[in-house]
Amino acid sequence: MKTRAITGFFFIAVLIAAVLLGPYVFIPFFTVLGVYSVYEFYKMVQTEQSTPLLWTGIFSALAGLTVLGAVLLGFIPETSLLLAFSFAFVLYITALFRKTNSAIQDIAYTLFGLLYAAVPFGIFICLGFVTGIYNPYIPLGFLILLWTNDTGAYLAGKSFGRRKLFERISPNKTWEGFIGGLVLAVVVSLNLARYFDALLSWQWLVLALIIGSFGTLGDLVESMLKRNTGVKDSGNILPGHGGLLDRFDGLLMAAPLVYLFLKFFVF
């Protein structure tokens, strides 16, 4: 527990610093997190029968997120994002040179890793620029709501948890924990507008509802994948916490929906 607390404290401090230090720190930092999450996914699903195209997939994730960052910073035009589609052809061609009888599975796992981990991190990076210029308080507010939802769910589930939320996938999660996390996220969201004026109170409230609901679903999806592959944690890079996918599973599903809400209804 002590190791977990120390790791969590320093990891949160580093995340906050990466967001507040500006776009030239924010983009590379979360690019690295996205690429490493892709690596964790590939290692998690790798078996003797099916092996993702590890280095090609990692290169594709790095190249795609780098191109996205260059577009957001104004170095290259938005049309450059079309290059991302070419990475799929690189995967197909790479598979030609592998002596394997599981080419379809290998390519499918590789593409799914990019869709599951790299794309959501790319969208989270876009949250910093959703107003048109870099605004650190939207991604920071997102992370705060994600953390408060996790904290509220843990405390409420530990204290009052009785009814299982999805026992087949995650036996420890309860409806009481889910509601507790949602309530705490909502309470915090109503105060965010006082400090982060990038959004209005009702907009922060909607973000809390999206993050609380779909962040929990993201957690369950990752638990399903780990159960399917027979692993306890996605990795061990964070002592006491597991891997990056274990820490950002809620972001993977919530970030795209938050971005869509902000683009369609706010900006």
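This is a predicted model: local features need pLDDT of at least 70, side-chain atom pairs count only at pLDDT 80 or more; totals for chains, interfaces and linings use all residues.

Trainee: How is the overall size of the protein described, and what radius of gyration does it have?

Mentor: One compares the radius of gyration with the value for a compact globule. For 267 residues that value would be near 18 Å, and the protein has 19 Å, which agrees. Along the principal axes, the C-alpha atoms fill a box of roughly 55 × 45 × 35 Å. Gln49 belongs to the loop between helix H2 (23-45) and H3. Its relative accessible area is 60%, so Gln49 is exposed.

Trainee: What share of the residues is buried, and what share of the contacts joins residues at least 24 apart?

Mentor: Of the 267 residues, 49% count as buried. Among contacts between residues at least 6 apart in sequence, 70% join residues at least 24 apart.

Trainee: How does one check the length of a helix, and what span should helix H3 have?

Mentor: One works out the expected span from the number of residues and compares it with the distance between the end C-alpha atoms. Helix H3 covers residues 54-72, and at 1.5 Å a residue its 19 residues should span 27 Å; the end C-alpha atoms are 27 Å apart, so the two agree. After H3 comes Gly74, which has a positive phi near 85°. A second case is H7: with 21 residues, this helix reaches 31 Å from its first C-alpha to its last, close to the expected 30 Å.

Trainee: Which residues of H7 are buried, and what covers them?

Mentor: The buried residues of H7 include Phe178, Leu182, Ala185, Val186 and Leu192, and also the glycines Gly177, Gly180 and Gly181. Their cover includes H6, S1, strand S2 (170-174) and H8.

Trainee: How many salt bridges does the structure hold, and where are their partners?

Mentor: For each bridge, one notes the distance between nitrogen and oxygen, and then the setting of each partner. The structure holds six salt bridges. In one of them, Asp106 and Arg98 meet at 3.2 Å, N to O. Asp106 is buried, because its relative accessible area is 2%, whereas Arg98, at 28%, counts as partly exposed.

Another salt bridge joins Glu176 and Arg163, at 2.7 Å from N to O. This pair links distant parts of the chain, 13 residues apart: Glu176 is in helix H7 (residues 175-195), and Arg163 is in the loop between helix H6 (137-160) and strand S1 (164-166). At 15% relative accessibility, Glu176 counts as buried, while Arg163 is exposed, with a relative accessible area of 57%.

Trainee: Which residues are linked in a network of salt bridges?

Mentor: The network links Glu222, Lys226 and Asp246. Within it, the closest N and O atoms of Lys226 and Asp246 are 2.9 Å apart. That pair also links distant parts of the chain, for Lys226 is in helix H8 (residues 201-229) and Asp246 is in helix H9 (residues 244-265), 20 residues apart. Both Lys226 and Asp246 are buried.

Trainee: Is Ser223 buried or exposed, and which residues does Ser223 touch?

Mentor: Ser223, found in helix H8, has a relative accessible area of 14%, so this residue is buried. Leaving aside residues up to four places away in sequence, Ser223 touches Ile169 and Ser170.

Technical notes
Residues are numbered from 1 along each chain as its sequence is written. Side-chain values use heavy atoms; hydrogens and water are left out. Helices (H or I, at least four residues) and strands (E, at least two) are DSSP runs, numbered from the N terminus. The expected span of a helix is 1.5 Å times one less than its number of residues. The radius of gyration is taken over C-alpha atoms; the globule rule is 2.2 Å times the number of residues to the power 0.38. Buried means under 20% relative accessible area, exposed over 50%, partly exposed in between (1.4 Å probe, protein chains only). Contact means heavy atoms within 4.5 Å. A salt bridge is a side-chain nitrogen of Lys or Arg within 4 Å of a carboxyl oxygen of Asp or Glu.
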